[in-house]
Amino acid sequence: MDQKRKTYEEAVRELSLMLMYLTRVGDNNEFCRYRELSWKGYNFELLDRLSQEEMIYQPRNRRGYEKYLYLSRSGIQEAQKLLREYGLCDKALNERYEFRDILPAEAGQAAEIEQICFPPNEACTEAMMRERAIQVPELFLVAVDRESGQIAGFLNGIATNEYSFRDEFFSDASLHDPEGINVMLLGLDVLPNYRGQGLAKEIVFQYLRREWERGRKMVFLTCLKQKVKMYRRMGFQDRGIANSSWGGEQWHEMNYVLNI
């Protein structure tokens, strides 16, 4: 930790940001279950500063600001960094894993994980996975084990203005439109020895929160019938049998509304 003496304003800002992060709770919105809010009780000038820095969002109604706030992705990342610097405890998953965009050098590792997590007819080829990781890293979220430095799981997708899933999204990364209003999720992978800890759910929720902040409208995925219940618990809606028949399987298409 930097031993340079901090000013009063710097100390208040950092401690407040950590407190907002540690005291956040789910906002019980059935359409946005991944969002977590923090109740206000902070200096107005500090809140304005954090808003200008895009560390927080302060929702408004016709009468003024609401009594709660949302930490942005940048705010969450800085709070987690400060907790480590101050030697304070975070929730278990964020203590153990770093959640971030994939790095180009990790493309091969992601391709290997895909082969472990999916049967041959469903898994994307090494070339496809490498292409996605290199060309669309901003839509490739990895959970990295802080102790080993290895990827434990990831979720990846591409952005588009389309509203229905098709096989070509899996095989052609050039279909990605950076300005696309929707996201097509292409695969949720968690290595077997990291399962049963809630990691898959955390990866999905962090991904949804990030794309909500980016202003995306909807997120789509396809899954086998036995996985429909799992994704429903995360807030996705089942739209029935998908147009995609990737791997010769019958898939259900599911979606999540981020912004109306």
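Q: What makes up the surroundings of Trp251, leaving aside neighbours within four places in sequence?
A: In this predicted model, Trp251 is in contact with Glu122, Thr222, Cys223, Leu224, Gly240, Ile241, Ala242, Ser244, Ser245 and Trp246. Trp251 itself is found in the loop between β12 (237–241) and β13 (252–257). Take Ile241: 10 residues away in sequence, yet 5.8 Å from Trp251, C-alpha to C-alpha.

Q: What makes Trp246 and Trp251 a polar contact?
A: The pair of N or O atoms has to be within 3.5 Å. Here the backbone oxygen of Trp246 sits 2.8 Å from a polar atom of the Trp251 side chain.

Q: How do you know how α1 and α3 are oriented to each other?
A: Helix α1 (residues 8–22) and helix α3 (residues 73–86) pack at about 110°, axes 9 Å apart. Roughly perpendicular covers 65 to 115 degrees, so that's what α1 and α3 are. Among the residues making the contact are Leu17 and Tyr21 of α1 and Leu82 and Tyr86 of α3. By class, that contact has 9 nonpolar, 2 polar and 3 charged residues.

Q: And why do α1 and α2 get their label?
A: Their axes cross at roughly 75°, coming within 11 Å. With 65 to 115 degrees as the range, α1 and α2 are therefore roughly perpendicular too. In α1, Val12 and Leu17 are among the residues that meet α2, whose side includes Leu46 and Leu50.

Methods. Residues numbered from 1 in each chain as written. Predicted model: local features only at pLDDT ≥ 70, side-chain atom pairs only at ≥ 80, totals over all residues. Heavy atoms only, no water. Axes fitted to C-alpha atoms, helices over the stretch in contact; angles between N-to-C directions. Helix = DSSP H or I, 4+ residues; strand = E, 2+ residues; numbered from the N terminus. Parallel < 35°, antiparallel > 145°, perpendicular 65-115°, else oblique. Contact = heavy atoms within 4.5 Å. Nonpolar A, V, L, I, M, F, W, Y, C, P; charged D, E, K, R; others polar. Polar contact = N/O pair within 3.5 Å; in protein donor to acceptor, adjacent residues only side chain to side chain.
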